[in-house]
Number of protein chains: 2
Amino acid sequence: MTVHDVAARSGVSIATVSRALREPHRVSEDTRDRVLAAVRDLGYRPNRAASSLRRGRTGVIALVVPDIVNPYFSSLTKGAQGLSRERGYGLVVVDTTELAEVEAEEIAALRSQIDGIILASSRLPDDRLAEIMSTTTCVLINRDLSELGVTAPTVTIDERSGARTAVGHLYELGHRRIAYVGGPERSWSQGRRAHGTREAAAELDGVTLIDVGSFAPDVDGGRAAAAAARDSGATAVIAYNDLVALGLLARWSETGIRVPGDVSLMGFDNTFVAELSSPRLTSVGADLTECGELAVELLLERIDHHEPAEAGLHRVVTPRLAVRDSTAPPADADRG
Amino acid sequence: MTVHDVAARSGVSIATVSRALREPHRVSEDTRDRVLAAVRDLGYRPNRAASSLRRGRTGVIALVVPDIVNPYFSSLTKGAQGLSRERGYGLVVVDTTELAEVEAEEIAALRSQIDGIILASSRLPDDRLAEIMSTTTCVLINRDLSELGVTAPTVTIDERSGARTAVGHLYELGHRRIAYVGGPERSWSQGRRAHGTREAAAELDGVTLIDVGSFAPDVDGGRAAAAAARDSGATAVIAYNDLVALGLLARWSETGIRVPGDVSLMGFDNTFVAELSSPRLTSVGADLTECGELAVELLLERIDHHEPAEAGLHRVVTPRLAVRDSTAPPADADRG
DNA sequence: TTGAAAGCGCTAACAT
DNA sequence: ATGTTAGCGCTTTCAA
């Protein structure tokens with residue numbers, strides 16, 4: 001099935017077939033109808049390879065994530081996939097298994113074969129990333145190179161706002177002694193979240209924030225932090241993410257500590273795992289599906305309208321609070 | 001960067017450049033070295049669109065899944081992605097959001113633009129699927145059309161074996177009254193798992209299996225089934241999948257029923273969520289990453305060696321038991 | 001072992 | 001409004 005078949009069937013030239021498909025308005029209504037009818041009848045689909053070769057565009061974009069099994073990234077992927085499909089673009093997903101080398105290699109391999117790349121939570125150092133940004137059409141998620149003078153389209157989550165929301169929620173419940181169980185020190189989100197909680201606590205009357213330290217960003221990290229978090233004497237604990245919170249919850253439940261009876265607990269990210277436990281986790285997080293969509297939108301804007309990597313191509317997503325069952329007023333609330 | 005640049009730099013014709021890359025053995029060692037050096041120096045990468053157009057192959061395969069956020073499918077995706085990358089193929093991921101229509105439409109759109117498709121847990125009816133199989137290079141995961149006379153490459157999980165393993169594990173612990181909380185009636189896995197548990201129970205001395213009914217395959221389904229499962233009087237419960245098990249666990253914990261103290265609990269699939277709870281879930285499941293890899297392997301075999309859709313292109317993966325903390329001997333074990 | 005040349009299917013100038 | 005035509009970059013006969 002080629003343009004020739006369609007042309008023959010509808011009695012026009014192949015150029016008209018191509019036009020009827022790509023620029024319908026540049027063709028008379030009559031011919032257009034005939035061509036489109038032939039297209040339908042024959043089940044014709046333009047050959048993407050030929051089109052790509054000629055146009056210099058592939059109609060494919062890539063999404064690079066550290067770990068697709070992580071619900072954070074699979075949600076992002078879902079959003080990106082949905083919108084790119086809607087816009088007629090193919091989405092190639094690359095899982096780097098958290099390895100910066102794999103990421104760099106894949107980006108290099110993909111660069112010339114696709115129209116653009118979305119890099120989610122890149123594990124690459126700033127300088128390598130800046131270099132890539134200058135030679136590739138791409139959008140960053142969870143990364144901001146503006147301090148480096150590199151102005152790239154980005155989707156970021158306002159982690160500080162999220163941290164404030166988390167602390168504020170606990171404050172309003174009556175908590176004054178709050179612990180924060182941190183994630184990996186080098187993590188971008190961890191920096192923002194730790195800073196945000198500290199800052200929010202400092203601005204609130206009589207709130208003490210205890211930093212429990214850095215832990216692995218998974219259930220085991222949470223389990224490892226459980227004792228220290230409890231010993232901090234806090235009436236409420238904020239975990240680096242939902243998985244860490246679940247780890248805390250699991251370990252505490254094994255040692256007889258009740259949530260929210262003895263201590264309130266909050267997660268970050270509000271992924272679906274927050275709904276899995278008992279009590280269900282109160283969590284604050286951005287709509288990751290939306291983040292994925294925004295990234296695609298930004299990228300396609302840049303691709304379709306040939307927009308340069310100007311400033312203004314930023315989207316900041318504000319995390320929202322999902323109150324569930326793991327937070328409640330502190331036990332001594334009515335006494336205090 | 002084109003073949004011409006490389007040709008010029010290494011003093012050969014473009015044909016030789018192409019050969020040095022695609023059929024190294026058909027080029028003298030000397031020239032080959034020179035060409036490859038030029039390739040490296042220039043950072044040349046063959047243009048995929050041009051190559052595709054000429055060869056009639058795209059070097060891209062697609063993976064179609066109902067829901068990428070479901071850990072079952074994200075694990076599958078991870079495996080498929082890893083192997084296809086290793087083999088030099090791009091992987092386009094499509095999330096159908098559980099909609100058969102979207103699935104059908106996407107398959108039609110992709111068909112001519114890629115080398116093959118992997119359909120995971122297709123939501124399409126048998127006849128539609130059979131039709132697709134006959135006109136497309138593809139591999140099925142979790143589906144078997146052989147009863148329909150359609151012989152397609154498939155990766156299936158031996159659900160019956162898994163069910164036997166689950167029942168056997170509980171039997172050995174001393175359980176004799178076992179309940180099964182089923183998933184959606186129309187689900188392929190549900191049929192096999194329900195049947196397998198029933199069968200295994202029938203073969204074991206004095207085991208009663210109670211079918212609690214069909215529920216949604218998620219946490220809410222588990223919560224909804226909690227009372228009925230408990231009222232069945234079983235000393236152990238097998239859930240349709242890990243999420244359902246987690247729902248049972250959560251609801252029970254809220255109503256004062258202890259696991260495994262009062263009742264043992266097993267999940268299916270052994271996804272990462274089984275590690276999230278307290279107690280951690282004993283679960284039986286196949287290595288989904290491996291299933292994804294197998295599917296890619298099967299598909300590439302078919303693509304690369306032009307193998308017809310012969311029988312023999314089947315892989316059956318046997319689920320393995322992961323014993324964690326949610327199963328233990330029944331409370332009256334030493335009394336009985 | 002290497003080179004010359006045809007063309008994969010499409011799009012976009014250019015011509016009518 | 002429509003047709004003619006020249007390639008996009010590569011692979012692959014065919015010839016040398």
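## Salt bridges between chains A and B

Chain A and chain B are joined by 5 salt bridges, a salt bridge being a side-chain nitrogen of Lys or Arg within 4 Å of a carboxyl oxygen of Asp or Glu. B:Glu106 pairs in this way with A:Arg85, with 3.9 Å between the closest N and O atoms. Over all chains, the structure holds 36 salt bridges.

This is a predicted model: local features need pLDDT of at least 70, side-chain atom pairs count only at pLDDT 80 or more, and totals for chains, interfaces and linings use all residues. Residues are numbered from 1 along each chain as its sequence is written, chains are lettered from A and ligands numbered from 1 in the order in which they are written, and side-chain values use heavy atoms, with hydrogens and water left out.

## The interface

In contact are 45 residues of chain A and 45 residues of chain B; contact means heavy atoms within 4.5 Å. The buried area between the chains is about 3700 Å², and carbon and sulfur atoms give 58% of that area. Buried area is the accessible area (1.4 Å probe) that two parts lose on being put together, summed over both. A:Lys78, A:Arg85 and A:Leu276 supply 16% of what chain A buries against chain B, more than any other three residues.

Polar contacts across the interface link 20 residue pairs, both residues at pLDDT 80 or more. A polar contact is a pair of N or O atoms within 3.5 Å; within protein, one must be able to donate a hydrogen and the other to accept it, and residues adjacent in sequence count only if both atoms are side-chain atoms. On the side of chain A that touches chain B, α4 (48-55), α5 (71-86), β2 (90-95), α6 (100-111), α10 (219-231) and α11 (242-254) each give two or more residues. Helices (H or I, at least four residues) and strands (E, at least two) are DSSP runs, numbered from the N terminus. α5(A) gives the most, with 7 residues.

## Helix α7 of chain B

Helix α7(B) spans residues 126-135, and B:Leu129, B:Ala130, B:Ile132 and B:Met133 are buried there. These four lie on the same side of α7(B), because they cover an arc of only 165° around the axis. The arc is that of the directions from the helix axis to the C-beta atoms. On the other side, B:Asp127, B:Glu131, B:Ser134 and B:Thr135 are exposed. Buried means under 20% relative accessible area, exposed over 50%, partly exposed in between (1.4 Å probe, protein chains only). The cover over the buried residues includes α6 (100-111), β3 (116-120) and β4 (138-141) of chain B.

## Salt bridges within the chains

B:Asp126 and B:Arg143 form a salt bridge, the closest N and O atoms being 2.8 Å apart. B:Asp126 lies in α7(B) and B:Arg143 in the loop between β4 and β5 (154-157), so the pair ties together parts 17 residues apart in sequence. B:Asp126 is partly exposed at 35%; B:Arg143 is buried at 9%.

B:Glu98 meets B:Arg123 at 2.7 Å, N to O. B:Glu98 sits in the loop between β2 (90-95) and α6 of chain B, and B:Arg123 in the loop between β3 and α7, 25 residues apart. B:Glu203 and B:Arg164 form another salt bridge, at 2.9 Å, N to O. This pair ties α9 (188-203) of chain B to α8 (159-173) of chain B, 39 residues apart in sequence. In chain A, A:Arg160, A:Arg164, A:Glu199 and A:Glu203 are linked in a network of salt bridges.
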